[in-house]
Amino acid sequence: MAKAHRRIEVPLGERTYSVRIGPGVRHTLPEVVAEVGAARVVVVSARPGHWVPDPGVPALTLSAKDGEDDKTLATVEELCRRFAEFGLNRTDAVISCGGGTTTDSVGLAAALYHRGVPVIHLPTSLLAQVDASVGGKTAVNLPHGKNLVGAYWQPKAVLCDTDYLDTLPSREWLNGYGEIARCHFIGAGDLRGLALQEQIAASVQLKASIVSADERDSGLRHILNYGHTLGHALERATDYAVRHGEAVAIGTVFAGRLAGALGRIDEARAAEHLDVVRSYSLPTTLPPGQDPERLIALMRLDKKATAGLSFVLDGPRGPELTHNISEDVVARTLVTMTP
Ligand SMILES: NC(=O)c1ccc[n+]([C@@H]2O[C@H](COP(=O)([O-])OP(=O)(O)OC[C@H]3O[C@@H](n4cnc5c(N)ncnc54)[C@H](O)[C@@H]3O)[C@@H](O)[C@H]2O)c1
């Protein structure tokens, strides 16, 4: 049986669902499958077979591979073919188990097959638990870029079993903590010093409240991209050698300095960015050898950059998406980020 766990609701009307967080919470799977009312399930798992408990209904298990290389339309097509062979229909459900790449591609397959079948996520990385599995964005990559083909498809439930994290490599912990650190500046408050389960719960609670106010990314949801403009540019500039969460951490320090340089926040608040990111043992400076001009060119390609250079920046009204930020100030602030 699952020990004490947290349950957070993502309030979206008839698409409302719960995210359950804690050690052993995966063992509530049969209960969740029964609540969803699924007659049968297809389990798609990137982890060893025993990581997904018996769902309590007839099941087909398919193995998946985490990683950006397999987050493709080919994977989605293969999954849909296997769903069809099994005779999956809308009275059934799909269960994903893996990192954010797996929850993203299985989520998209569930969104597309029969124009949408119920999906339950069992995220196994910290990043997937605090971010990727919650909020209903699903996507796969094209050779032209990441997450270019996707759909909004909310899961029926998410089970964040913290026991899954026991085997997580240290670099993947940092990857998840990068996203947790940026929550400090977008409404979660100070999560340092909290137990892991509470840090995950607070990050999920914040995302749930933002997603419920702006499910389809037309306004408030942009603030989840705090630290991401430089973060995405850094991932691309290093050919993804810098992990997403690490890049977001560096981007968060930068966002603080940039907001300070623009007079949007005072020195103490700008310095708080460095302090918070550092206290999660995350990187705080650009990796050696980065060309500021190339980073600025990449930041201009950011999806949010509809007008000049765009950043989510803290300010007197709290964090908000800002456009047309002076390239000169951006360049000067980037110089302060060199190691
Ligand atoms: N849909 C969204 O809203 C959203 C939000 C944020 C990120 N994402 C996506 O999430 C993906 C990143 O997710 P990720 O960081 O989990 O990447 P990932 O799925 O590649 O997993 C990272 C690594 O951790 C390993 N791993 C996962 N769980 C493990 C465990 N319990 N024990 C040991 N190893 C484990 C994986 O095998 C992989 O090597 C990206 O593709 C990103 O675009 C989506």
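In which loop is Asp-239 found? The legends below answer this and describe other close-up views. The model is predicted; local features need pLDDT of at least 70, side-chain atom pairs count only at pLDDT 80 or more, and totals for chains, interfaces and linings use all residues. Residues are numbered from 1 along each chain as its sequence is written.

View 1. Asp-239 is found in the loop between helix H7 (228-237) and H8. Helices (H or I, at least four residues) and strands (E, at least two) are DSSP runs, numbered from the N terminus. Asp-239 is not a glycine, but has a positive phi, near 50°. Tyr-240 also lies in the loop between H7 and H8, and its phi, near 70°, is a positive value in a residue other than glycine. A residue is buried if 20 or more other C-beta atoms lie within 10 Å of its own, exposed if 12 or fewer, and partly exposed in between, with C-beta atoms placed from the backbone. Asp-239 is exposed because 7 other C-beta atoms lie within 10 Å. Tyr-240 has 13 C-beta neighbours inside 10 Å, so Tyr-240 counts as partly exposed.

**View 2. Helices H8 and H11.** The axes of H8 (residues 244-261) and H11 (residues 327-335) come within 10 Å and cross at roughly 130°. Axes are lines fitted to C-alpha atoms, for helices over the stretch in contact, and angles run from 0 to 180 degrees between N-to-C directions. H8 is therefore oblique to H11 (angles under 35 degrees count as roughly parallel, over 145 as roughly antiparallel, 65 to 115 as roughly perpendicular and the rest as oblique). Phe-254, Arg-257, Leu-258 and Ala-261 of H8 make the contact with Val-329, Val-330, Arg-332 and Thr-333 of H11 (C-beta atoms, placed from the backbone, within 7 Å).

**View 3. Helices H2 and H3.** H2 (residues 73-86) and H3 (residues 100-112) pack at an angle of about 55°, with their axes 9 Å apart. The two helices are therefore oblique to each other. On the H2 side the contact is made by Thr-75, Val-76, Leu-79 and Cys-80, and on the H3 side by Ser-105, Val-106, Leu-108, Ala-109 and Leu-112.

**View 4. The two domains.** Domain 1 covers 6-168 + 191-197 and domain 2 covers 226-335; these bounds come from an automatic or database domain assignment. The centres of domain 1 and domain 2, taken over C-alpha atoms, are separated by 31 Å.

Terms used:
Two residues are in contact if their C-beta atoms, placed from the backbone, lie within 7 Å.
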